[in-house]
Amino acid sequence: MRRAALLPALLLAACAGAQTLVPLDSRPATRVLPALIAGVGGKAVQVPGAGLLGNAQRGADPAALAAWLNAQPTDGPLVVALDAFAYGGLVQSRTSPLSVEEALSRLQPVRDWQARTEQPVYAFITLPREPDATNRERNLAVVRGMIGWARDGVFRELHVTWDDALPGSPAPAEGAELAKDAPANVRVYPGADEVLAMLAARALAPAEKTVRVEYSDPVKAQGVIRYEGIPLTGSAVNHARASGFRVVDSGAADLTLFVYNGGDARQAAVRVSALLRRGPVAVADVAQVNLGNSRLWTDLATLRQHANLRSLAAWGTPGNNLGTALAHARLTLEGADPIRQDALLAREYANDVIYSGEVRAALRKAIPEAELNTSAGQAKLLELARDYFPLRVGLTYTLDDATLPWGRSFEWDFDLKGK
């Protein structure tokens, strides 16, 4: 299988000025996608192999992760998911039996790295979701410790985010309380999987750009969205600011973010096409969770406009999609390598539209979830997915390989070959 070597080949071509990323865990959405976004301009990116990071069954080994970090170049910034060090990953942050002292001790290599290299560190840590969290007070104490580190200057920026806040979750109130006394280099808002990519954009493109946000349904955008506990309009502002943008309501802007949040998908595609004639456009499809709107994307592909976007996202929660679309777009405004940009758009389309909108449902219908982590399940994935290729963006892409890295249908990993 070639995928294990694909990411290093694309991103680790040089070490000078490398940006080092430590993801939440080994999922493609948290490891592969942020690294490809960080590398879209051609800069080198260092990211741990999937085997060094946590998965659903086991957390990352903190000693091995620290050893990996200490072996990386020291002439560029570090972007780090602190939960990977403190608990072993996002899943483990909810149920880990570690004490506050033990978790803080596991975070010490990050502080030591900053002191040794004097390079900027962009970090984030999450408030865990309910009802999975088993020791919120411990997690809160660790977060407060990291805010103290931010106050001491260990972090250039620290983002404190909350994960999947369904109604009744204490996380929004916890976040509001933490924000009251936080120093200026700490941001508090809902998010998780998308934050590493946004911090990579902050590290590589610190100058502020402007963005205008347009919604397919402006009235609906005022409503509170699932998993965040705040209105969609507020989430868009949070993610824009966290990605290095200033939101403007009218006039010229460096980027237009079109947010599809329901309504006539065909009309939305026509509107995106019109916006592209005016300047750079990114599209975040948030009408459904973890599911792109097939009508919208089919029409955009028919118009050949998906290839002209700065970024697209439809793979996760509203915050996931807003954050990754904005981070990717922000880095294209610094200048994107055209081959990498086209390949990344192809990957986003293949994952967010083809897999989430079509293949995942067909796979679940064909193979019981409990049997997906078998050779038969993996073979069926490849068989079903290949029906949707070749995919034309700028280049034409064929599907080279595909797997279910966590042995479940929620996410896949895959290789595309463009020509």
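Biologist: Why is arginine 246 called partly exposed?

Modeller: Its relative accessibility is 42%. Buried means under 20% relative accessible area, exposed over 50%, and partly exposed in between (1.4 Å probe, protein chains only). So arginine 246 counts as partly exposed. This is a predicted model: local features need pLDDT of at least 70, side-chain atom pairs count only at pLDDT 80 or more, and totals for chains, interfaces and linings use all residues. Residues are numbered from 1 along each chain as its sequence is written, and side-chain values use heavy atoms, leaving out hydrogens and water.

Biologist: What makes glutamate 208 exposed?

Modeller: Glutamate 208 has 54% relative accessibility.

Biologist: What makes lysine 380 and glutamate 383 a salt bridge?

Modeller: Their closest N and O atoms are 3.3 Å apart. The limit is 4 Å, so they pass. Both sit in helix α15 (residues 375-386), three residues apart, so about one helical turn separates them. Helices are DSSP runs (H or I, at least four residues).

Biologist: Why is lysine 380 not called buried?

Modeller: Lysine 380 has 22% relative accessibility. Buried needs under 20%, so lysine 380 is partly exposed.

Biologist: How many salt bridges does the rule give?

Modeller: The count comes to 21.

Key:
A salt bridge is a side-chain nitrogen of Lys or Arg within 4 Å of a carboxyl oxygen of Asp or Glu. Helices (H or I, at least four residues) and strands (E, at least two) are DSSP runs, numbered from the N terminus.
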